[in-house]
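Hi,

Here is the structure I promised to send over. Have a look at it first, and then read my notes below.

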Amino acid sequence: PDESPACGGRRLYVLRATSMPAVLLELGFLTHAGERLLLLRPAYRELLVRGIADGIDDWAGEGVCVAE
């Protein structure tokens with residue numbers, strides 16, 4: 001539900017205006033100096049991408065039907 005406290009109670013268009021399951025990931029904030037420096041590093045971005053891909057793979061491996 002996009003009205004959860006994690007979303008600040010906001011009804012986010014990107015989550016409610018889709019006809020399929022959706023996830024919104026915040027992986028860092030460019031306005032935070034430390035996070036901005038991390039996000040500028042290709043190795044850190046690769047770590048984030050691999051973590052997301054592994055999570056999707058784990059979820060799909062639980063017998064969840066994923067439409068093609």
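A word on terms before the notes: a residue is called buried under 20% relative accessible area, exposed over 50%, and partly exposed in between (1.4 Å probe, protein chains only). Accessible areas come from the Shrake-Rupley method with a 1.4 Å probe, and for residues only the protein chains shown count as cover.

Please keep in mind that this is a predicted model, where local features need pLDDT of at least 70 and side-chain atom pairs count only at pLDDT 80 or more, while totals for chains, interfaces and linings use all residues. Residues are numbered from 1 along each chain as its sequence is written, and side-chain values use heavy atoms, with hydrogens and water left out.

**The overall picture**

The chain has 3 helices and 0 strands, in the order α-α-α from the N terminus. Helices (H or I, at least four residues) and strands (E, at least two) are DSSP runs, numbered from the N terminus. Of the 68 residues in the chain, 9% are buried. The accessible surface comes to about 6,000 Å², and carbon and sulfur atoms account for 60% of that. Contact here means heavy atoms within 4.5 Å. Among the contacts with a separation of 6 or more, 6% are between residues 24 or more positions apart.

**The salt bridge**

Which residue does Glu46 form a salt bridge with? The partner is Arg50, and the closest N and O atoms are 2.9 Å apart. The rule asks for a side-chain nitrogen of Lys or Arg within 4 Å of a carboxyl oxygen of Asp or Glu, and by it the count comes to 1 salt bridge. In general, side chains of opposite charge can pair when their charged atoms come close. Glu46 and Arg50 are about one helical turn from each other, because they sit 4 residues apart in helix H3 (residues 42-60). Glu46 is partly exposed, at 37% relative accessibility, whereas Arg50 is exposed at 54%.

**Elsewhere in H3**

Arg45 is also in helix H3, and its 38% relative accessibility makes it partly exposed. Leaving out residues up to four places away in sequence, Arg45 touches Leu39 and Leu40.

**Surface patches**

Patches are made of residues with over 30% relative accessible area and no salt bridge; like charges are joined within 9 Å, and nonpolar side chains (Val, Leu, Ile, Met, Phe, Trp, Tyr) within 5 Å. For charge, Lys and Arg count as positive and Asp and Glu as negative, while His and the chain ends are not counted. The place of a charge is NZ of Lys, CZ of Arg, CG of Asp or CD of Glu.

A patch of negative charge on the surface brings together Asp54, Asp57, Asp58 and Glu62. One of these, Asp57, lies in helix H3 and is exposed, with a relative accessible area of 55%.

Tyr13, Val14 and Leu24 make a nonpolar surface patch of about 330 Å². Val14 belongs to helix H1 (residues 13-16) and is exposed at 51% relative accessibility.

Leu30 sits in the loop between H1 and helix H2 (33-39). Is Leu30 buried or exposed? Leu30 is exposed, at a relative accessible area of 58%. Setting aside neighbours within four places in sequence, Leu30 is in contact with Arg36 and Leu39. The C-alpha atoms of Leu30 and Leu40 are separated by 9.5 Å, and the two are 10 residues apart along the chain.

Cheers
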